[in-house]
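Welcome! Here is a friendly walk through a protein model, with a few stops along the way.

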Amino acid sequence: MFIDRASITIKSGDGGNGITSFIHYKGKVSGGPDGGDGGKGGDIIFVADKHLSSLADYYYKTKYVAENGSSGEPKNCYGKAGSDLVLKVPLGTIIKDKETGNIIADMFTDGQSKIVLYGGEGGKGNAKFTSARRHAPHFSQTGEKTETKKVLLELKTIADVGLVGFPNVGKSTLLSVMTKARPKIANYHFTTLSPNLGVCEFYDKQFTIADIPGLIEGASEGAGLGTEFLRHIERTRMLVHVVDISGEEGRDPYDDYLKINEELSKYGNGVKNLKQVIVANKIDGFEADKKLAEFKKKVGKKKVIPMSAIIGEGIDELKKTVVDVLNKLPPLKPMEFEEFNYVKPERLDWEILKEGETYVIVGTLVDVLKRNVVLDDMNSLAYMQKVLRDRGIIKELRKMGATEKSTVIIGGEEFEFID
């Protein structure tokens, strides 16, 4: 099954908890603190893989969680870091934040990687809380918890040439004779239900071709399969517009040509400006020469390549023409966008750890204070006092039994508690 859109839920690993531990060995029952830090949680990493062509894997499984970090261990041993979770996607996959629609990455080149979510940091063990006045802390930190995010994956096929035209005009047959691709071919509409890719070689030149299915009148408004596959044209450098010059479907070739171009124009996104080469296929049909002359007269000076894809007539001329056009066009490039990145929420949370008459305030609020407070400036210290009051920390310290004999530690700095 070809899937070119998927919505998945991702979560990086939580950080492991630090532990409270003390040295124990023969002859010394209670030594110093030796609790190690918790390990970092695993990241969520997307990697572009040229061997993939569909997002089908993400259609059946929609939730992906990286491994959590392990808790710290005695003897100052760090906990094991959680394994990163690598998610492989086809080239041309756009990764978006589902909530905002902002683009996170354009996975354009083979092997390209993007860390979309970082794992949580491990908590500190009690060995990290020792100081000159606190030799045996009986507390440690928990690991950082991560959030779940929803992302959209959208595949836009990357190719040098896009084959467009009404159903059953011979695009799949043309692709099969120009490349080693083997698309499903049958004499009925919508045989091709997904873009097929192939590589064409012409002497020392090489280019990729994508057969874009589903284009009919009204495709830009949802008719047929148009809205499903029109976006794949955006990632091509030029178009080969195939028309059925035999008219065996009961349609007029020139009318088909105008209708397809009208749909490309309505779709927008620059596809109407792509250079086109016109192929008049099925030239071996009844009175095809006469119909070809009428078609050429209507399109004016535009070059039309007569072809019978089924017997190989006109193939070399088309290859040469495509190579000549591509030589004059700029190479494919990733789309330009303002990159969106998830950031860890700076929640102003806090926690008070008590050890005798010492109170240690930890949490993201402390990290903010460390960045904003200048300790030798009275106004800055007054600001810190106000934050501690407003956040209810002073009140909580009193509730926990803090007195004027108590020591309060904020961000590694020691303060006397004054009630």
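Predicted model: local features only at pLDDT ≥ 70, side-chain atom pairs only at ≥ 80, totals over all residues.

How many cavities of 30 Å³ or more does the count come to? The count comes to one cavity.

**The cavity**

The largest cavity has a volume of about 30 Å³. Its lining is made up of Asp244, Gly247, Glu248, Glu249, Arg251, Pro253 and Asp256. Sorted by class, five of the lining residues are charged, one is polar and one is nonpolar.

**The chain as a whole**

Stepping back, the protein chain holds nine helices and 18 strands. Of its 419 residues, 48% are buried. Take the contacts between residues at least 6 apart in sequence: 71% of these join residues at least 24 apart.

**A mostly covered helix**

Helix H2 spans residues 171-178, and seven of its eight residues are buried. The buried ones are Lys171, Ser172, Thr173, Leu174, Leu175, Ser176 and Met178. What lies over them? The cover includes strands E9 (159-164), E10 (196-202), E11 (205-211) and E12 (236-244), together with helix H6 (315-327).

**Aromatic rings**

Searching the whole structure turns up seven aromatic pairs. One of them joins Tyr254 and Phe295 in an edge-to-face arrangement, with 6.3 Å from centre to centre and 70° between the planes. This pair links distant parts of the chain, as Tyr254 sits in helix H4 (residues 253-267) and Phe295 in helix H5 (residues 288-299), 41 residues apart.

Phe295 also pairs with Tyr257, again edge-to-face, at 6.0 Å centre to centre and with 85° between the planes. Tyr257 lies in helix H4 and Phe295 in helix H5, so this pair ties together parts that are 38 residues apart in sequence. Through these ring pairs, Tyr254, Tyr257 and Phe295 are linked into a cluster.

Tyr254 has a relative accessible area of 22%, so it is partly exposed; the cut-off for buried is under 20%.

**Two residues in a loop**

Now for the backbone. Lys75 is not a glycine, yet it has a positive phi of about 60°. Asn76, also a residue other than glycine, has a positive phi near 60°. Where are they? Lys75 is in the loop between strand E3 (63-65) and strand E4 (85-90), and Asn76 is in the loop between E3 and E4 too. Lys75 is exposed, whereas Asn76 is partly exposed.

**Cysteines**

How many disulfides does a search of the whole structure find? The search finds zero. Two cysteines can still be placed by their accessibility: Cys77 counts as partly exposed, while Cys200 counts as buried.

**Accessibility at a glance**

The table gathers some residues met on this tour.

| Residue | Relative accessibility | Class |
|---|---|---|
| Lys75 | 69% | exposed |
| Asn76 | 45% | partly exposed |
| Cys77 | 34% | partly exposed |
| Tyr254 | 22% | partly exposed |
| Cys200 | 0% | buried |

Key:
Residues numbered from 1 in each chain as written. Heavy atoms only, no water. Buried < 20%, exposed > 50% of the residue type's maximum accessible area, 1.4 Å probe, protein only. Helix = DSSP H or I, 4+ residues; strand = E, 2+ residues; numbered from the N terminus. Contact = heavy atoms within 4.5 Å. 1 Å grid on protein atoms, 1.4 Å probe; cavity = no way out; pocket = protein on both sides within 12 Å on 5 of 7 lines; lining within 4 Å. Points joined across faces, edges and corners; volume = space filled by probe spheres on them. Nonpolar A, V, L, I, M, F, W, Y, C, P; charged D, E, K, R; others polar. Disulfide = S-S within 2.5 Å. Phe/Tyr/Trp six-rings, centres within 6.5 Å; stacked < 30°, edge-to-face > 60°.
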